[in-house]
Amino acid sequence: MKRRIAWVVALLIFTAVHAEAGPLSGKVLFQKSGAAVPHALIDFSSGARKLRAVTADDGSYYVADLPAGTYHVTITYRGKKQELDRNLPKDGSSFEVAP
């Protein structure tokens, strides 16, 4: 019986955590020109959760399963870094940033 209760609790926690997750996509653009930033690393971190994306040639990126919440975002391109904090909603909306 204890094993069954533990399993149900674990399932509920898993469901609650993943119910708020969704895809996130967007582009990384240069601030002055608006041109795409190809092959930039984008690191999303929130507590122990860490995810990484890499931009395509057109500056676009996609993360399949990112839970809603506040993230510290670090964008690295050719040795330069830009760091910012963003609140990402549960629908995983896109945003554009400029290194």
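What share of the 99 residues of the protein chain counts as buried? In this predicted model, in which local features need pLDDT of at least 70, side-chain atom pairs count only at pLDDT 80 or more, and totals for chains, interfaces and linings use all residues, the buried share is 29%, where buried means under 20% relative accessible area with a 1.4 Å probe and protein chains only. Residues are numbered from 1 along each chain as its sequence is written, and side-chain values use heavy atoms, with hydrogens and water left out.

The protein chain contains 1 helix and 7 strands (DSSP runs of H or I with at least four residues, and of E with at least two, numbered from the N terminus), and the elements follow the order α-β-β-β-β-β-β-β from the N terminus. Of the contacts (heavy atoms within 4.5 Å) between residues at least 6 apart in sequence, 51% join residues at least 24 apart.

Aromatic pairs, defined by ring centres within 6.5 Å for Phe, Tyr and Trp (its six-membered ring), with planes under 30 degrees apart counted as stacked, over 60 as edge-to-face and the rest as tilted, number 3. Phe44 and Tyr61 form a tilted pair, with 6.3 Å from centre to centre and 45 degrees between the planes; because Phe44 lies in strand 2 (residues 41–46) and Tyr61 in strand 4 (residues 60–67), this pair ties together parts 17 residues apart in sequence. Phe44 also pairs edge-to-face with Tyr71, at 6.4 Å centre to centre and 90 degrees between the planes, which links strand 2 to strand 5 (residues 69–77) across 27 residues. Phe44 is buried, with a relative accessible area of 1%, Tyr71 is buried with a value of 1%, and Tyr61 is buried as well. Phe44, Tyr61 and Tyr71 form one aromatic cluster.

Note on methods: Buried means under 20% relative accessible area, exposed over 50%, partly exposed in between (1.4 Å probe, protein chains only).
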